[in-house]
Amino acid sequence: MSETTRANEENKKPPLNGRRALPPNNSNDEENEVPEVDPFGLIPRGFNPTDYLRVVDIYMYKEPHEVNKQQHHTDKYYNPRLIVRRGQPFQIRIDFSRPYRPETDQFWLEFLMGRYPQQNKGTYIPILVSNVLKPGEWGAKITHRENNSIRLSIMPSATCIIGKFRLYVAILTPFAILRTRRNPATDTYILFNPWCQQDAVYLDDEREREEYVLNDVGIVFHGNIEDIKSRSWSYGQFEETVLDACLFLMDKAELELSGRGNPIKICRVASAVINSRDDNGVIAGSWNNSYDNGVAPSAWTGSVDILLEYYSSKEPVRYGQCWVFAGVFNTFLRCLGIPARLITNYSSAHDNNANLRLDFFLDDEGKVDTKLTKDSVWNYHCWNEAWMTRPDLPVGFGGWQVVDGTPQETSDGMYRCGPASVQAIKHGHVCFQFDAPFVYAEVNSDIFFSRMDKNGTQVVEKIDTTHIGQLIVTKEVGGDGMMEITEEYKFREGSDEERLALETAVMYGVKKQTTRDIKYQPQTDIDMDFQVQKAVLGNDFKVTITFRNRSRNSYTATAYLSGNIVFYTGVTKSEFKKHSFSAKLEPSSSSSFDVVIKSSEYMSDLLEQASFHFFVTARINETGKILAMQKATILEIPTLRIKTKGELVAGKEMSVIVEFSNPLKQTLENVTLRLEGPGVLRTIKKEFRSIPMNSTLTWEVKCIPTRPGLRKLIASLNSDALRHVYGELNVQIQKP
């Protein structure tokens, strides 16, 4: 390090204050100088270090096929250093300058982290050699002696901090301690260990560990409750440099090194640093459909590009939406060894004042009044669950914890959310940290449709208690299918347990307004429903509205359909269809009405997720009562086709071919294709100026796969008029 950079660094350091003897130790990357000769006082003139036992070499058994990475399930990391998990022994070999004599020679190991290593903070760990290893405690014992070499088994504590340690061997002589020279090749990463019973992240099911820690590809479920869609996401937690990038996030969040053994703390700071709000974190969110100077959220195929770009530039990567935040967060957790999964909540409430109620205000025509309506229903929202014990909560609240990196609301002054115990949310125990009331509202709110009377009273026309949080899903273990986990979050709608959980949540301070103080007299003898025909992007389709009059009276209704192009967050961009009609409702009968939606009406304003929101309201003329109903729908978006050519063998060249046919009645401009597959090829991008209507684009990429086994190729297409176009292919790469 040059003098000028050192001087700059000294200037950057916060001045010492009266409270701390040392500056904060919150960077895994910084180091201190460790003396090779540490004298006990004056060293006599004839002292020659070479007369004593000397370390010639340290062998770390750090290759992927060697004992350490195999036993510690870290053989997939594309990283030349030793990577082990805490609470489980690993092996090293030390070659000395002569045979080791235990009677007279004394040596020990030192593991150091950060710039100010301290024993009581867990950042300086001296390990003496003993005869037995105690489970889950730091220790070392000699397992083998041969000529000048010894083999050691080293046990890291099951609660030690995680990150990158520097290793030294120290030898005691009468006048000084002699240490090995600083050698980055012996640096050792220690991670969380879901295989170790004493670790806070211990998970007892091997299939779940394979999925939630070792699987580097996942599925994101999106779309909406009526039309569930899925796409693959490459987590890539084992790819080159990703582990260092994940450790850097904790430095960026200024998490003290001494707190890095605690998964609760790590999740809490990570949920803030994953988004760029208030701390210049990893991803800048954008929900307004303009993505200048950045990548559209729908174009990303995985986390690796995002993490590596952030690690090198230290500037937020543009742009993300909820599944991007959740995908990157999942990579971070799995990379450090915390079991994690990506969750989708369909019809997710974003309730601005956490009162378990979303207010939609209707105007006199029965349309939603966008000025008064502040709450929104997201078609879906993605967050993460991380698996850990919660010693800070009463017994029973460990296990899956909700963590969410998408910036929605502040928590303790920062945009972050969690960890909140899923079990506590289910039972309404929302008093337990962190952010349980917010998550409880996301899955349990009611929707109130009301209008303002002339005298200013709020008249509730309809309450929908079942729309929010209808379906909560994640990828199944060991397959690409969907696993429903709604009942992990809530009891069956209308059951006694559900009512009790709600009363508990209200008791613990979740605000819930009663309906008693509001005028609410719905029309009970007429039902209204509507269906939206499934349609492919660029085609016409129809909406069918059905009334059922269960009374003996004749009624007439004035009905209004409003078609809106919406962001997946439920926020309206534009109303593209207004249609009013009158309906005669005969006694004890049903009647249906079709409204045709032409492609020319919606194509010019379409947003990337091809998402529509229809509101149908009908006023019964004889009673003045209003019926209201809303539904989101999504158009079918064409997909990319992926094929391979040549032998699929690790280390041999093969070809991947991506094809796309433009189905729209227009030319696609500014087209970008991305392709990636962990273990097969790093992300590749290619730009095409345009794809004319009805024409097909073909792109061939040559690559050399590195890892055998079942791998997944993932591609995305992005253009001005069309986004969220994906394709994927499972490929079996053979061993050479």
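**Entry 1: confidence**

I started with a reminder to myself that this is a predicted model. I looked up pLDDT for the protein chain and found a mean of 90, with 95% of the residues at 70 or more. I then turned to residues 1-16, where pLDDT stays under 50. For that stretch I noted 11 contacts beyond four places in sequence.

**Entry 2: domains**

I wrote down the domain assignment next: domain 1 covers 37-191, domain 2 covers 206-508, domain 3 covers 526-634 and domain 4 covers 641-733. I wanted to see how domain 2 and domain 3 sit together. Their C-alpha centres are 30 Å apart.

**Entry 3: the "active site" record**

I checked UniProt, where an unreviewed entry puts the feature "active site" at Cys322, His381 and Asp404. These positions spread over 83 residues of sequence, but they cluster in space, with a largest C-alpha distance of 10.0 Å. I located Cys322 in helix α7, which runs over residues 322-336.

**Entry 4: the "binding site" record**

The UniProt record, again an unreviewed entry, lists "binding site" at Asn444, Asp446, Glu493 and Glu498. I asked myself why these residues can be said to gather at one spot. They span 55 residues in sequence, yet no pair of their C-alpha atoms is more than 13.7 Å apart, so they do gather at one spot. For Asn444 I also noted its element, helix α9 (residues 436-444).

**Entry 5: the largest pocket**

Which residues lie nearest the centre of the largest pocket? I found Phe360, Gly570, His613, Phe615 and Gln630 there, out of a lining of 34 residues. Several strands each give two or more residues to this lining: β18 (376-388), β24 (458-464), β30 (555-566), β31 (572-585), β33 (611-620) and β34 (626-634).

For the volume of the largest pocket I have about 740 Å³. Sorting its lining by class gave me 10 nonpolar, 15 polar and 9 charged residues.

Which domains each supply at least three residues to the lining? My answer is domain 2 (206-508) and domain 3 (526-634).

Notes
Residues numbered from 1 in each chain as written. Predicted model: local features only at pLDDT ≥ 70, side-chain atom pairs only at ≥ 80, totals over all residues. Heavy atoms only, no water. 1 Å grid on protein atoms, 1.4 Å probe; cavity = no way out; pocket = protein on both sides within 12 Å on 5 of 7 lines; lining within 4 Å. Points joined across faces, edges and corners; volume = space filled by probe spheres on them. Helix = DSSP H or I, 4+ residues; strand = E, 2+ residues; numbered from the N terminus. Nonpolar A, V, L, I, M, F, W, Y, C, P; charged D, E, K, R; others polar. Domains from an automatic or database assignment. pLDDT = per-residue confidence, 0-100. Contact = heavy atoms within 4.5 Å. UniProt positions renumbered as here; feature names shortened; annotations may be inferred.
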